[in-house]
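Please walk me through this structure in the viewer. Tell me what to select at each stop and what is found there.

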Amino acid sequence: MWSFRRKNLILSFALLMSVFLTSCSVNSKGTGPGDSVDSAESGNSAESANGSEVISSAVDFDHELDGYEPKKDHYNFYFTYKTVHPWWDAVALGMEDAQRQYHDKGITITYEYMAPEAASAEDQKERLRAAESKDFDVIGVDVADADIISPILDEMVDSGYKVMTFSSSDAHEGCKRIAYVGNTHNYEDGADLTEALCKKLDYKGKVAILVGSVGAPCHEERAAGAKDTIAKYSDMEIVATEYDMDSVDLAYDLTLKILEENPDLDGIICCNMSNPVGAARAVKEKGHDAVIVGMDHDQEALHYLKDGVIYCLGVQDCYSIGFDTIQIAVKIADGNQPGELFKEKTDEITTVIYQEDAAVMLELLYGED
Amino acid sequence: MKKHITKKQFIITAIVGGIIMMATVIINTIMSTRQTTTATNEAVSEVSSFYLEAMADRRAKTVTNLIRSNFDHMDKAVEYISNEGIESQDELRHTMGSIKSMLSLNRFALVDDDKVVYTQYTTYTGGSRHPFLSDENMDKQNVSTVSLYGSSKQLCLAAPTHDLEIAGKPYRACFVQIDVSEIVDLLAFDDDGRTNFGIYSKNGENLTETELGPYISHHNLFDALNGVISEDDWNENRENFLNAVEGSITFNANGAEETLCYVPIEDTDWMMVVLIRESVIQDRIRSISEKSLSASKRHIVFTLSYSIIFFGVLMFMMKALFNKDLQEEKENSKTFRSMASTDSLTGIRNKHAYTEAESALNRRIMEKDIEKLAIVVCDVNGLKIVNDTQGHAAGDKLIKDASSMICEYFSRGAVFRIGGDEFAVILQDKGYETIHEVITEINRAIEENIKKKEVVISIGYSELTPEDKLVRDIFERADQMMYKRKQQLKLMGAQTRL
């Protein structure tokens, strides 16, 4: 009898653990707020340990072109993005993979992929105006500032240019751009990371937000998600919100300043790829114990994650963003509109990873063992 | 004093010597096999080290040549572009496509002053993507590897373009990117993948992601070897890597000894590391050694068996020989004994033989083991006179004639010459039963001889009585009777001293 009970107990425990672990480290793929998976809720360090398979598929390097038959044998695109930064280099690699696959099919894809050294909507505006004068099949934009760029895109579309948005930031809702490929759930990503932080802090404490570039939709949306999440908990307080302009150095300086002004700071929410690096450098340098949550796959940030300086990171699948951008650009160039061939918004996944996932991600992305 | 070697000593010496000889052969064979194995191992180790060093050196040169060749082609490409009078980006892309096919330059790219990268198909801002395009590196030749976001490692060769202008725009540098896996394939082609190798950075990082044997695998070389080799060796090799000095490391991992050699690759700060699993070689050698040892064992067993059989046969033959000798010795002894018991003149048994026979009969008389026994005593008449008058030869002839006569008549008895002219006959069984007839016949013959002046013998005899204790008792009675007979014969005309 005792043995039977013990067996039942073990089986029940195993079943419980299976259900529990299966829910861990789930990709966030949002077609809307409701679809955004609660990776932050499920994701404390211990819980995500089983998710190495999921972590390994956080970035999909194994792409093949869909069955669409392009109408031309040569396409020429222009893409502009926010700033020269490794995150967009990762997107470029996905683009180059698609370009190679088209080349193998006898279709030549040429393109420009340009950005300023520092994020600037004005610079982007100038680039778009310059691109208008050239014969590009499609112009793709990672919107630097939705307020400034959205009207420009509308004008371009009205003028007959085929315009799409891609990678991190879409234009304002209602913009006439043809399609968007990239992260459609920045708000949810910000909320998920903040939820993970709140849980880690036991839902009480002082936090700071490093937003990124002023007006950059993805950064602003994540910050909004973070603020709304903090607002849910009465014992949580935002003591500082700063714009680091997607600069590691600026993020570092701002973090030092925040720590100096708020020595009892409990957490930092980082809304882009640069600021978790800057924040981690400062926190480590000061020997502070503020919990850092942030975005993306910067190699240094992953090492901070591995070392426990950063608590968790939301990793976007940049490679797939780049690959899908080229595929959809070809379809747009051929005169297709969103519908059966492609969605108006092609969303890409974000995976929240923790300390024990860092090694897998470093190997996956950078070949580190 | 001269010491004689006995047969036993000889046999013992032969056996001991044979055993020592066999043991020596076996021990020498085993030691020789082991020495051969050890010597072979050492030789192979030395040869494999030499082989590894040569292999590492050759591969390092292959990489160096690849790098130099690419730099050379890059110079030619820039010169070609400069001379083409290119006016637009489309023309530039087309020209770069031509260059790619003409010079086999992988991913050849130009970089302008704004660090915008121009390739055959794309133009992109590459400041963050290519670390080798930093301001401090752009004005000199630069060799590096990059591993960006999931892409395989790339060997990047960058070089300044020296005042290149295209359509009025200055270009500052050019570069090519070569997939490290292509270099690995090129190097692996060299020996069909028989050895493990890898290109390592000076801090021990594996740049080629090749597996350097099962233990080090693709890990950082010095992380993997930490604790496996001594701290001094570890530090020495670490220094070698930092200072681009070639060397080798032998280590024991998972029970197998492995050796790797490293050689600096010219024009880079990398090391070409080649490893061959000595365990593989040693397994092969061990296999060969085991075969050799097995052959030696068979040889030993054969030798041992052969020796045992040989010594067995030898011993058998020696035993047979010994037995034969023993038999001959017995025969000789018998002959000697016979000679000692035989009278040389008459050929019959002598006094010594009679004494032995007497002793044997005495034992039987004492044991009451004999009933039919008679002793005949014979004395040759006139021997002294013949000797004195006719010489000893005539005397000897007389003795022989007497002996022949006695033997003739007492053919069923044992005849002994017990003195110069005295004979004794021992009669038992048949001889005893016919004694009276024989005595009668011989006496008649003797009496005839007196007339013919031939040999005359005085004969007396006596039979065993219950009172007799010794043969001597019978003999004395026979002797007395013989004297009486001698008197009678004298009276009949026989010559005698009486």
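The tour below starts with chain A as a whole, moves through its sheet and helices, and ends in chain B.

**Before you start.** This is a predicted model, in which local features need pLDDT of at least 70, side-chain atom pairs count only at pLDDT 80 or more, and totals for chains, interfaces and linings use all residues. Residues are numbered from 1 along each chain as its sequence is written, while chains are lettered from A and ligands numbered from 1 in the order in which they are written.

**Stop 1: chain A.** Select chain A, which holds 13 helices and 12 strands. Helices (H or I, at least four residues) and strands (E, at least two) are DSSP runs, numbered from the N terminus. Of the 369 residues in chain A, 56% are buried; a residue is buried if 20 or more other C-beta atoms lie within 10 Å of its own, exposed if 12 or fewer, and partly exposed in between, with C-beta atoms placed from the backbone. Taking the contacts in chain A between residues at least 6 apart in sequence, 76% join residues at least 24 apart. Two residues are in contact if their C-beta atoms, placed from the backbone, lie within 7 Å.

**Stop 2: the sheet of chain A.** Select strands β7, β6, β8, β9, β10 and β12 of chain A, which in that order form an open sheet of 6 strands with mixed pairing. Two strands pair if DSSP finds at least two bridges between them. Strands of a sheet pair through backbone hydrogen bonds, either parallel or antiparallel. At the edges are β7 (236–242) and β12 (350–354) of chain A, each pairing on one side only. On average, neighbouring strands of this sheet are turned by 15° against each other, direction ignored. Angles run from 0 to 180 degrees between N-to-C directions, and axes are lines fitted to C-alpha atoms, for helices over the stretch in contact.

**Stop 3: a residue in α11.** Which helix of chain A holds A:L302? A:L302 sits in helix α11 of chain A. It counts as buried because it has 27 C-beta neighbours inside 10 Å. Leaving aside neighbours within four places in sequence, A:L302 is in contact with A:H297, A:A358, A:M361 and A:L362. The C-alpha atoms of A:L302 and A:L362 are separated by 6.7 Å, although the two residues are 60 residues apart along the chain.

**Stop 4: α10 against α11.** Select helix α10 (residues 275–286) and helix α11 (residues 299–307) of chain A, whose axes come within 9 Å and cross at roughly 50°. The two helices are therefore oblique to each other; angles under 35 degrees count as roughly parallel, over 145 as roughly antiparallel, 65 to 115 as roughly perpendicular and the rest as oblique. In this contact, A:P276, A:V277 and A:A280 of α10(A) meet A:E300, A:A301 and A:Y304 of α11(A). By class, the contact has 5 nonpolar, no polar and 1 charged residues. Ala, Val, Leu, Ile, Met, Phe, Trp, Tyr, Cys and Pro count as nonpolar, Asp, Glu, Lys and Arg as charged, and the others, Gly among them, as polar.

**Stop 5: where the chains touch.** Show both chains: the contact takes 25 residues from chain A and 18 residues from chain B. On the side of chain B, strand β3 (residues 122–125) gives the largest share, 4 residues. That side has 4 nonpolar, 10 polar and 4 charged residues. Strand β2 (residues 108–114) of chain A runs parallel to β3(B), joined by 3 bridges. A:E112 has B:T123 as its bridge partner in β3(B).

**Stop 6: a covered strand in chain B.** Select strand β11 (residues 373–380) of chain B, where 8 of 8 residues are buried. B:L373, B:I375, B:V377 and B:D379 point one way from β11(B), and B:A374, B:V376, B:C378 and B:V380 the other way. Strand β13 (residues 422–428) of chain B pairs with β11(B) in the antiparallel sense over 7 bridges, and B:D379 stands opposite B:E422 in β13(B). Strand β14 (residues 457–463) of chain B is also antiparallel to β11(B), with 7 bridges; there B:I459 is the bridge partner of B:C378.
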